[in-house]
Amino acid sequence: MKKFINHIPRDGSTLSPWQLEEQVSLTDRAVQSPDTFDTIIVGAGITAITTALTLQRAGHTCVVLEAANIGFGTTGGTSAHLNTFFDATYPEIESDFGEAAAKLVADSGKEAFSSIKGFIDEYGIDCDFEYKKGYLFSETDKETKQLKEILDSSVKAGIAVEESSKNDVPVPFELAICFDQQGQFHPLKYVNALAREFIGLGGVILQNTFVKESRVNDGTIEVTAGNKTFKATNLVYATHIPPGITAFSFRCAPYRSYVLGVRLKDNQYPEGLSYDMQEPYHYFRTHEIDGQKYLIVGGEDHKTGHDEPEKAFANLESYVNQYYQVESVVYRWSSQYYIPADGLPYIGRLGASGGNIYMATGFNGNGMMFGTLSAQIISDQIQGTENRYSELYSPSRLKPVAGFTEFVKENADVAWHFIADRFGTEELDAVSGLKRGEGKVAELEGHKLALYKDDHGKVTALRPECTHAGCIVNYNTAEKSWDCPCHGGRFDLYGKVISGPPRKDLEQITLSK
C-alpha cells in the first residue's frame, strides 16, 4: 500500500495521486531562437495537449510552452469525473440561454465524452477508463424541487437520466436521479499518452518555460519565454485563464476545491459517481491504484485566497467520517477552477485581440469535458472549419441578464479585498513574532510584507501586492503558497508565480538585521 505523503514541494502544491503516481519523462526538443510554428500553445493540461495533437494531426506545426510540467495545474489536480451534466444545470442554461442552447450544451458534452473515448480506443491508452452511472441526490425539500427540475430539463435536452431508488453512497436522501454513460479515468495517464502521440508527429513540448509576454508584429505573433522568442500565426492560451488583466479576470471567479483519497475499513466503496446538492456540493467516486481501492471524495470549495484551507480539509475529513468507516486518509489535495459569470465557459477566438489569439476559460468544475471540447472548437476555428458550438461558447458573447448578479457579487468582493486588505494586515513588532512554518502579511518597519519563516528559522520577505492587479495576497497554510483573493493568482514561498493570471513574480525584500 502507498503511504500518505503530505508532499509540500517548492511549488506550493499538495499532490494528487495522479501526480504522485504518473512520473513521465518527455524529452524536450532543442529549439533555436527565434523559431517559427503555425501555432503556439501556452499551457500543458488537457486543453493544450488535446489542441496540439488535433492540429498536429491535421498537418499544422505546433509548440507547447509550459511553465512547469505536463499536467501541473488543474488537469493534475482534477478528481477526474467525466460527465454529460454540468455545474451549470440544464434548467439554469435553459432559463438564461434558451432550450436550443441547453440541447447544444448537452450535445457538446456528449461529443467531448466521445472524443476522449475515441482517443483512448485509437491509441490503446491504458488510463483506467471506466463507464459509470452518475447519481445526483437531494437531502431537503428545496433540493428535491430543484432536482425534479434538473431531471425534466436534462431529459428535454437529450440526456439519458431517470429517477433512481439509490444514490450509491451511505448518505440519507429524499430523491435521487441516475445519469447513464458517465465515466472516470486517470487524467495524467491519458494526457501524457496524448503528449507522446503529439511528439511522435513532430510536435514540440517545452516544459519549465514561462511565457513572459506576447505581441503581434506585422501580423505575426511573437511570444517571449525565457531568453527565447517564438513566432507563429496563431496563439492559444490554454492556461485556465488568460494572463494579464483582461475582461475575463472580472468575468470569471477563482475557486479552490478540496479532495481526499481515503482507504476504508469495510471495503464499502461506491460503484458509481455520486453528487449531493449542497452549496458547495460533495462528490464521490472510487479509484484503484496498485490493486488498492480508494474513496475519492471532494468538496468544501471556497474562493481562492479566502477562508482557511486547513479548515476545509478538516471539514471534509469530518464529513467523510460521518458516513464511512475510514481506516486512513492516504491522499489529500486541492485544485483551482474558475466560475464564469453566466455559467458557460468562454472558448474560442478573442475578438478584441487584433489577431489569431484564442482562449479557453470558465470551465467551472467540468474541466476534463470542457477542456476537450475547447480543443475541438479552437482547432476548427484555426483551420477555418465551422463548429456548431462556437457561437454559444464565444468569448465575445454578450448576455446582459444571464450572470449579471454573479458578476456584480464577485467583483464587489474583489473591490472590497483590494481596499480592506490594506487596512486589515496583522501588526508584528518583529520578525521573531513569526512561528516556524508560519506565513503572514504583516507590518514591519512601516511597510506591509508577506513574511514566511521556514523550519530552520530563515525568513523570506516579499512585497504582498499581487503583480496582476495589486490586491494583497494571503498565506495558504495547507499548500504553503501566497494566494490572491481577487483573481486567483498564486505564488510560491519565494514569490515565484505558480499559476496565472500574474506574469511577474512577487518582489523579494531583503530584511535589515
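I began with a term: buried means under 20% relative accessible area, exposed means over 50%, and partly exposed lies in between, with a 1.4 Å probe and protein chains only. By that rule I noted C484 as buried, at 1% relative accessibility.

Ground rules came next. This is a predicted model, where local features need pLDDT of at least 70, side-chain atom pairs count only at pLDDT 80 or more, and totals for chains, interfaces and linings use all residues. Residues are numbered from 1 along each chain as its sequence is written, and side-chain values use heavy atoms, with hydrogens and water left out.

**Entry: cysteines**

How many disulfides does the structure hold? I found 1. I took a disulfide to be a pair of cysteine sulfur atoms within 2.5 Å. The bond runs from C471 to C486, with 2.2 Å from S to S. I looked up where its two ends sit. C471 is in the loop between strand 21 (459-462) and strand 22, while C486 is in the loop between strand 23 and strand 24 (490-491). They are 15 residues apart, and the pair links distant parts of the chain. I read -100° about the S-S bond, a left-handed link.

Both ends needed an accessibility check. C471 is buried at 2% relative accessible area. C486 is buried at 1%.

**Entry: the open sheet**

I needed two more terms. Helices (H or I, at least four residues) and strands (E, at least two) are DSSP runs, numbered from the N terminus. Two strands pair if DSSP finds at least two bridges between them.

I then traced an open sheet of 4 strands, in the order 22-23-24-25, with antiparallel pairing. Its edge strands are strand 22 (474-476) and strand 25 (497-499), each pairing on one side only. Strand 22 meets strand 23 (residues 481-483) over 3 bridges, in the antiparallel sense. There I saw Y475 opposite W482 in strand 23.

Is strand 20 (residues 447-453) largely enclosed or open? I counted 5 of its 7 residues as buried, so strand 20 is largely enclosed by the rest of the structure. Strand 20 runs antiparallel to strand 21, joined by 4 bridges. L451 stands opposite A461 in strand 21.
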